[in-house]
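Hi,

Here is the structure I promised to pass on. Have a look at it first, and my notes on the charged pairs follow below.

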Amino acid sequence: QDLEGNAARHLGLIEGYQHLQEYVNRMGSDHDYTKMCPVFDGSIDPDDVFSIVPYEKGSLFLYYIETLVGEKDMREFLKAYVLKFRHKSITTTDFKDFLHEFFVEKMSVLSAIEWDMWLRAPGMPSIEFKFDDVLVKEVNEIKQFLLNDNNDWDKAEWGFALSTTQECVLYDALLNGDGVSPQVAKFLAKFRLVENKEISFRVLQLCLKAQVHDVNDQVIDFLATQGRMKFVRPLYRSFAACPGNEQLAKETFKQHRDFYHNIASAMIAKDLNME
């Protein structure tokens, strides 16, 4: 926020909200794995639960607390929190106790927090957030352009000046919806399969969702050179879900599975029904 402004910070929150929404939609709003604090009673493997939920739902939770106590005081709390617990492993109870200790004079405000909902309820938070959407308005204009079937995509050019986060929010919104037409997917592949992996990862997913097999070689190259689970796991799912590509996705994974972290490899194998 200090570097790029409040609008950019809120754009990041919107991006995280979209990521969480996609995960909840895919898993189901009542799935235990969508809880911020799932119960580990020995019946499930913690590796199976690893996801974006604690990151994105946790980020929204901290932002929600900030809306209650104020930005300035929240910053002071976070500084004190890091100093108190640095080099330590802590529990959710430790966090809650320290929050109450730090804001002892604001307990009436903190009483609004629905702890069970945030920590133990599945699905999306039942809080209506009001984000600064000035940067999203630009994204929505381009989204409507990409969804316009009357455009001549063979002659169209990419002339939009978007930040990386704006472009990611654009593609995430399209992926969370019905995607784009094959013509638009080919247009994006022509101009936006760039060096920035956050962007090219999403463009490849849009192409696969549109059943554009022209990008199969680029997908395989991406999977062979990128090891981050946040990229390869969803891309393998998209690759295998694209009609006619399931066996190719499995063969690609067999060839490169030793390249990935063992947790990523195990999760991808489950996604591809190759356990």
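Let me begin with K270 and D48, whose side chains form a salt bridge with an N to O distance of 2.5 Å. This pair ties together distant parts of the chain: K270 sits in helix α15 (residues 262–271) and D48 in helix α2 (residues 46–49), 222 residues apart. Keep in mind that this is a predicted model.

Next up is the salt bridge between the side chains of E198 and K230, at 2.7 Å, N to O. Here too distant parts of the chain are linked, with E198 in helix α11 (residues 197–209) and K230 in helix α13 (residues 229–241), 32 residues apart. K230 is partly exposed, with a relative accessibility of 39%.

K250 is buried at 17% relative accessible area, whereas E246 is partly exposed at 42%.

Back to E198 and K230 for a moment: salt bridges with shared partners join them with E15, D172 and R202 into one network. The count for the model comes to 16 salt bridges, including the K270–D48 pair.

Cheers

Terms used: Residues are numbered from 1 along each chain as its sequence is written. This is a predicted model: local features need pLDDT of at least 70, side-chain atom pairs count only at pLDDT 80 or more; totals for chains, interfaces and linings use all residues. Side-chain values use heavy atoms; hydrogens and water are left out. A salt bridge is a side-chain nitrogen of Lys or Arg within 4 Å of a carboxyl oxygen of Asp or Glu. Helices (H or I, at least four residues) and strands (E, at least two) are DSSP runs, numbered from the N terminus. Buried means under 20% relative accessible area, exposed over 50%, partly exposed in between (1.4 Å probe, protein chains only).
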